[in-house]
Amino acid sequence: MLWLVSVVALLLIVAVIRVRDNILAAISLTFLGVSVAGAVWLLHPEFSVAFILITLVYVVAALTLVIVAAASLSEDGSTVEMRRVALASLGALPFLLVPGAQRGAVTASVDPLLLPLTAALLLFSFIIAARVSHD
Amino acid sequence: MTELIFLLILLAGGMAAVAVANSLVRVIIGAEVGIMAGIWGAALSGDLSLVAVAAVVGVAETVLMVAAVYRLAKEGYV
């Protein structure tokens with residue numbers, strides 16, 4: 001089933017690259033996030049509840065912010081043409097042949113120490129964002 | 001094997017979206033695809049704590065990048 005999600009993700013990335021409208025690209029990004037969440041669910045069914053929640057929060061935040069930004073900006077004519085750089089990223093293909101680590105035991109619980117740390121990170125980033133955008 | 005192909009699709013797709021971008025919003029979208037590759041890589045390790053950290057860092061960097069784009073738009077660079 002995972003290859004089906006891979007094909008869907010590939011199509012969505014091609015849609016992001018090909019489409020001309022920023023808002024349509026943001027919507028494609030949202031569907032890509034949902035497909036990644038589904039792929040994690042397929043990989044580890046133990047992760048379903050917490051991860052789906054986290055990814056939905058992430059996707060909604062990204063969608064809101066990107067759509068607001070896209071609505072306030074306008075496209076200019078200049079295009080950054082770096083297709084060769086994009087093709088060079090395919091040079092990572094031979095790494096598929098490197099043998100990876102074996103699948104270990106699944107830990108389906110979040111360390112409680114992460115909650116204050118991530119809350120502090122988010123608070124800090126929101127404060128920095130407010131200072132950057134309202135200064 | 002399919003897991004690694006999916007990871008490579010996300011990484012190379014994000015790079016490609018950044019490389020052919022024609023606006024800063026498109027650059028942000030490419031970086032988000034790269035963050036999704038990070039979340040998927042954390043999920044491959046089988047530890048939910050890593051996945052949670054990757055998702056929270058994704059939210060934080062999204063907020064910072066969009067704030068930077070607002071600032072650039074206000075100063076007329078976009």
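A: One definition to begin: a residue is buried if 20 or more other C-beta atoms lie within 10 Å of its own, exposed if 12 or fewer, and partly exposed in between, with C-beta atoms placed from the backbone. By that count B:Leu8 is partly exposed, because 18 other C-beta atoms lie within 10 Å.

Q: Where does B:Leu8 sit?
A: B:Leu8 belongs to helix α1 of chain B. Helices (H or I, at least four residues) and strands (E, at least two) are DSSP runs, numbered from the N terminus.

Q: How far is B:Leu8 from B:Ala37 in space?
A: Their C-alpha atoms are 8.0 Å apart. In sequence the two are 29 residues apart.

Q: What sort of model is this, and how are things labelled?
A: This is a predicted model, where local features need pLDDT of at least 70 and side-chain atom pairs count only at pLDDT 80 or more, while totals for chains, interfaces and linings use all residues. Residues are numbered from 1 along each chain as its sequence is written, and chains are lettered from A and ligands numbered from 1 in the order in which they are written.

Q: What is the average pLDDT of chain A?
A: Chain A averages 74, and 61% of its residues score at least 70. pLDDT is the predictor's confidence in each residue, from 0 to 100.

Q: Which element of chain A has the lowest mean, and which the highest?
A: Helix α3 (residues 48–72) of chain A has the lowest mean pLDDT, at 64. Helix α1 (residues 2–18) of chain A has the highest, at 86.

Q: How many helices and strands are in chain A?
A: Five helices and zero strands. From the N terminus the order is α-α-α-α-α.

Q: And how many in chain B?
A: Three helices and zero strands. The C-alpha trace of chain B spans about 45 × 25 × 5 Å along its principal axes.

Q: What share of the contacts comes from residues 24 or more positions apart?
A: Among contacts with a separation of 6 or more, such pairs account for 57% in chain A and 40% in chain B. Two residues are in contact if their C-beta atoms, placed from the backbone, lie within 7 Å.

Q: Now the helix packing. What describes a packed pair?
A: Two packed helices are described by the angle between their axes and the distance between the axes. Axes are lines fitted to C-alpha atoms, for helices over the stretch in contact, and angles run from 0 to 180 degrees between N-to-C directions.

Q: How do α1 and α2 of chain B cross?
A: Helix α1 (residues 2–19) and helix α2 (residues 24–44) of chain B have axes that come within 7 Å and cross at roughly 165 degrees. That angle is why α1(B) is roughly antiparallel to α2(B). Angles under 35 degrees count as roughly parallel, over 145 as roughly antiparallel, 65 to 115 as roughly perpendicular and the rest as oblique.

Q: What kinds of residues make that contact?
A: The contact of α1(B) with α2(B) has 14 nonpolar, five polar and two charged residues. Here Ala, Val, Leu, Ile, Met, Phe, Trp, Tyr, Cys and Pro count as nonpolar, Asp, Glu, Lys and Arg as charged, and the others, Gly among them, as polar.

Q: What about α1 and α2 of chain A?
A: The axes of α1(A) and helix α2 (residues 22–43) of chain A come within 9 Å and cross at roughly 165 degrees. These two are therefore roughly antiparallel as well. Their contact divides into 13 nonpolar, three polar and no charged residues.

Q: Last one: is A:Ile13 buried or exposed?
A: A:Ile13 counts as buried, because 23 C-beta neighbours lie inside 10 Å. A:Ile13 is in helix α1 of chain A.

Q: What does A:Ile13 touch?
A: Leaving out residues up to four places away in sequence, A:Ile13 touches B:Ile9, B:Gly13, B:Ala17 and B:Val33.
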